[in-house]
Amino acid sequence: RLDKDTSGIIIIIKNHISKNKFREMFKNRNIKKNYLAFTYGILNKSNIEINKNILRNKVQRTKFNISDRLGKNAITKVSNVRTFHGSLSLLNCEIITGRTHQIRVHLLSLGLPIIGDKDYKFNKEQKFRLNNMSNSLKDLILLFPRQALHSYRIEFSHPILKKQIKITCDLPNDMKDLNTNLQ
């Protein structure tokens, strides 16, 4: 499953036997899932593991929050791929667990909201981070039509063939354009 407006790879199961095997593989965390995210802000380390519980927002039921004691455990490994203009980042996010809005909520908790995310953002701070950029680049970033989040790699052992499978997916055109313009 991908969040609405997140691009990239999804796995579609063709029969009940495979469905049960994949369900078990997801449950046992035997599927490696990597995403690329363009964010406001800079990761202060080259790699970090976020281990924070996520629970549904009590007021806005379609949104999620971080919690110290409540909710479900969620783990995301984040590494810095590239920084742009001293205030934006391209991050590689590997989700160990698979919670709804996990990457979006975890990155926001670090002060790194995803470009284009309309639900998880800091309005004034995000605009401030664009001060050293041209107006056309600011517009491209501020008007990005969706969250700049893309599922680009999945790895698993095929449940029947027992071969290691690695599937990759290039960035979609809107994120390629964003990447080109940020450089």
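This is a predicted model: local features need pLDDT of at least 70, side-chain atom pairs count only at pLDDT 80 or more; totals for chains, interfaces and linings use all residues.

Reply: Residues are numbered from 1 along each chain as its sequence is written, and side-chain values use heavy atoms, with hydrogens and water left out.

Me: Why is the pair F22 and F156 called edge-to-face?
Reply: Rings of Phe, Tyr and Trp (its six-membered ring) pair if their centres lie within 6.5 Å; planes under 30 degrees apart are stacked, over 60 edge-to-face, and the rest tilted. By that rule there are two aromatic pairs. The ring centres of F22 and F156 are 5.2 Å apart and the planes stand at 70°, so this pair is edge-to-face.

Me: Which parts of the chain does that pair link?
Reply: F22 is in helix α1 (residues 16-27) and F156 in strand β8 (residues 149-157), 134 residues apart. Helices (H or I, at least four residues) and strands (E, at least two) are DSSP runs numbered from the N terminus.

Me: What makes F22 buried?
Reply: Buried means under 20% relative accessible area, exposed over 50%, and partly exposed in between (1.4 Å probe, protein chains only). F22 has 9%, so the label is buried. F156, at 5%, is buried as well.

Me: What sits over the ring of Y120?
Reply: The charged end of K63 does, 5.4 Å from the ring centre. The rule asks for NZ of Lys or CZ of Arg within 6 Å of the ring centre and within 35 degrees of the ring normal.

Me: How many disulfides does a search of the whole structure find?
Reply: The search finds zero. A disulfide is a pair of cysteine sulfur atoms within 2.5 Å. For C93, the nearest cysteine sulfur is that of C169, 16 Å away, and C93 is in no disulfide.

Me: Is C93 buried or exposed?
Reply: C93 has 0% relative accessibility and therefore counts as buried. C169, at 29%, is partly exposed.

Me: How many salt bridges are found, and what makes R146 and D174 one of them?
Reply: The whole structure has four salt bridges. The term needs a side-chain nitrogen of Lys or Arg within 4 Å of a carboxyl oxygen of Asp or Glu. The side chains of R146 and D174 meet at 2.8 Å, N to O. R146 lies in the loop between α4 (135-142) and β8, and D174 in helix α5 (residues 173-182), so the pair ties together parts 28 residues apart in sequence. At 11%, R146 is buried, whereas D174, at 24%, is partly exposed.

Me: How far apart are the closest N and O atoms of D119 and R104?
Reply: They are 3.5 Å apart, and the two residues form a salt bridge. D119 lies in the loop between α2 (102-109) and α3 (123-128) while R104 is in helix α2, so the bridge ties together parts 15 residues apart in sequence. D119 is partly exposed at 37%, and R104 is buried at 5%.

Me: Which residues form a nonpolar patch on the surface?
Reply: The patch consists of I17, I160 and L161, with about 320 Å² of accessible area together. Patch members have over 30% relative accessible area and no salt bridge; like charges are joined within 9 Å, and nonpolar side chains (Val, Leu, Ile, Met, Phe, Trp, Tyr) within 5 Å. Accessible areas come from the Shrake-Rupley method with a 1.4 Å probe, and for residues only the protein chains shown count as cover. I160 is in the loop between β8 and β9 (164-168).

Me: What is the phi of K162?
Reply: The phi of K162 is near 60°, a positive value in a residue other than glycine. Most residues other than glycine have a negative phi. K162 is in the loop between β8 and β9, and at 59% K162 counts as exposed. D5 also has a positive phi, near 70°. With 40% relative accessibility, D5 counts as partly exposed.
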